[in-house]
Structures are given as C-alpha cells and as structure tokens.
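Morning, everyone. Please bring up the model and the sequence.

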Amino acid sequence: IGEDLKNELANDLSTSTPGFSLAKVKEQMFYKVGLADAVDLFRARRVFIKDGFAYVPFKEIDVIVLNNYRTKLSKALALTARSLPSIQSDERLQPLLNHLSHSYVGPDYSIQKNAGKISLEQIDSLSVKSFPLCMRQLHRALRESHHLRHGGRMQYGLFLKGIGLTLEQALEFWKKEFIRGKVDADKFDKGYAYSIRHNYGKEGKRTDYTPYSCMKIIMSNPPSQGDYHGCPFRHSDPELLKQKLQSYKISPSGIAQVLELVKGMHYQLACQKYFELTHDIDDIGFSLNHPNQYFTESQKLLNGGRELKKEFNNSGNFQQKNNSQESINSSSTPTFSNAQADTELEGLEAYFTED
Ligand code: SF4
C-alpha cells in the first residue's frame, strides 16, 4: 500500500499487528491482500482486516507466498495425474518422461571451453583444493593403486576432460599412472588408449562426451567392491565417510552436519556443506548439480573471481590469462543435449572392456 493509505490506517495497523509500534508501522511495507489468501494470519489475529482485505506486513508475506505456491502445486499435480495415462500411452513422450527426473539441464562442461587451462603437474594440488569429494577419492585411488576400474575411469576421465585436460594430456596422464602399476605401455596403448580417444570423440561415433552430472553419478551404476566411482555421500558407509572427512581435517561439528544431511538423503546438500567447510565460507551461494560446477566455483573463489590463471600453450609454456569473462559466459550456457549424450554413453561403456 502507498504511504498515504498507510498513514491513514497507521493506528489500526499498529493495534492489530502484533509487535508493530506506530514507528515500526511507518518503517515497514504493508501489502493489501484478499482475505481468502490470508486466512491463517487472520485466524491467528496477526493482521488488520478491513472491507474484505488483510493488511499484511512484509515479514509475514512469505506465509501468503507459500500458501499460494502450495495451492498452485497441488492443482498442477492433480492435473498431471489426470493427464498422465494419455501421455504415457504416447511412445514419443515415454522416454522423455522416464528420463525427466534424472536429466541434467545445467551448464555444459565439455572440453572446448576449458581446454589447455591446466597442466598435469597441477592436478595433485587441485584435487585437494578444488575437486569435489567423488573426484578427490578417485584421484587418490588412482595415485595409490595406479589403476582404476571401468566405472572410475569413465567418471574421472570425463571430469578431467571437463576441467580442461586435452586429449594428449589425458593420454599422458593415464598412461604414466597405469604403467607404474601392472599395465605395461603396450597393453595400455592396445587396451586403454582407444577408450580415452573415444571419450574425446576421436573414435567410434565421434561424439564429444559430456562429464557426468551429480544426478547421474548418484542414481546410476553404484560402485561394487574395488570400485572408487560414485558419490561418497550416497555410496559410502557413513562410518567410512566420517573417517575420510576426519582425514581431510574437517571439524567434528562440520562432519556432524554433513552426516546429518546424508542421513536425510540430501547428498548434494552434504556436498555443498563440504564445499563450505573446505573453502571456509558460510554460504556456498549456488545450488550444486555437477562435479565440474564444484570445480569451477571453487576456482573462482580461490582465484578471486577468475578461473585458472594460467594457460598451457602449444609449445608447453604457461601464459598468464584472465578468464573471468570467459568463465562466466561458459558456465551460463545451458545445454539440453545431455539426455542424448547419456544414452550414447551407454554404448560407449561397451568399449571399456578392460577391467
Ligand atoms: Fe560428486 Fe556430486 Fe556427489 Fe558432490 S554430490 S561428491 S560433486 S557426485
């Protein structure tokens, strides 16, 4: 309501709105809403009523918004339930509907936008500072056992591609690590190099594969014994998760908060809490949907708004480069092609025959 009306009603607003002195009435905004929308407030005697309208102070307006949202949601759900049988019988819509709850429609973290921004030497320190727990776990397992099984290679390989590893770097990275274990160079070239080139769209259907989203990691292909892929907040035993967080020097109260979220099956919120704890911030300020988003946001925070400061040029030297604008642009372009990419990935997995 405008100032004139508020001044005219000031006395009534003050006496009918609990906790509102005349001075406070003057400071605060009031909304005039139909009585039907403010029944709860009216029933609890928290608002002034006149001529079929309630005068609601700003601090109470969330009750009105919530009620409105709830009403609209329940109407929409009822409508959906009624039309579902006819939609489900349409075979063109069926796959779309089945995929809806798993699909990822956030920014596309594919290689082109970030290629060449990191060097292999940076990966160890980046894994501690800026990798989400799932990728930190995979990196550590790879360094320790010089091998990752199929699910881990897919999840980690595509993540690394998304943060900027070029195909040449990826081949070098995996080969160097694998030949430190039981795989010799020849076996690597024959058994593993093909699948890495495939990930980069250089073999087979030549699709440029997209890194996995949190939803895909959480909902599909759970790890078995000896696997390190998956989401630790979803797939790790809580006691093991607790030990892992302790070893990463997370405070006991922080661990308790993470475990509480895990218990409530809020895995991505638990990961957001982990981000806040490891970056020493109170509010993450974004909603986490993707491991590469975690990495990008972490780098922005650590580099004061910029992503990785260095660019690895073709001659092997680093160049200084401010990527802030580019990073903002690149992370704000939504893609809707991931459902298709996910389907195609199923085909790709067949290429990973080596265990
Ligand atoms: Fe990785 Fe996402 Fe799980 Fe975090 S919530 S650990 S980013 S899969």
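Ground rules come before that. This is a predicted model: local features need pLDDT of at least 70, side-chain atom pairs count only at pLDDT 80 or more, and totals for chains, interfaces and linings use all residues. Residues are numbered from 1 along each chain as its sequence is written, and side-chain values use heavy atoms, without hydrogens or water.

Now the patch. Leu84, Leu93, Leu96, Leu97 and Leu100 form a nonpolar patch on the surface. Together they have about 420 Å² of accessible area (Shrake-Rupley, 1.4 Å probe, with only the protein chains shown as cover). Helix H5, residues 94-100, gives the largest share, 3 residues. Leu97 lies in H5. Leu97 is partly exposed, at 33% relative accessible area (buried is under 20%, exposed over 50%, partly exposed in between).

Next, the helix pair. The axes of H16 (residues 267-279) and H17 (residues 291-302) come within 12 Å and cross at roughly 20°. So H16 is roughly parallel to H17 (angles under 35 degrees count as roughly parallel).

Last, the backbone. Most residues other than glycine have a negative phi. Which phi does Asp51 have? A positive one, about 50°, although Asp51 is not a glycine. Asp51 is in the loop between strand S2 (48-50) and strand S3 (53-57). Asp51 is exposed, at 67% relative accessibility. Lys249 also has a positive phi, near 65°. Lys249 lies in the loop between helix H14 (238-247) and helix H15 (252-263). Lys249 is exposed, at 73% relative accessible area.

Conventions:
Patch = residues over 30% accessible without salt bridge, like charges linked within 9 Å, V, L, I, M, F, W, Y side chains within 5 Å. Salt bridge = Lys/Arg side-chain N within 4 Å of Asp/Glu carboxyl O. Helix = DSSP H or I, 4+ residues; strand = E, 2+ residues; numbered from the N terminus. Buried < 20%, exposed > 50% of the residue type's maximum accessible area, 1.4 Å probe, protein only. Axes fitted to C-alpha atoms, helices over the stretch in contact; angles between N-to-C directions. Parallel < 35°, antiparallel > 145°, perpendicular 65-115°, else oblique.
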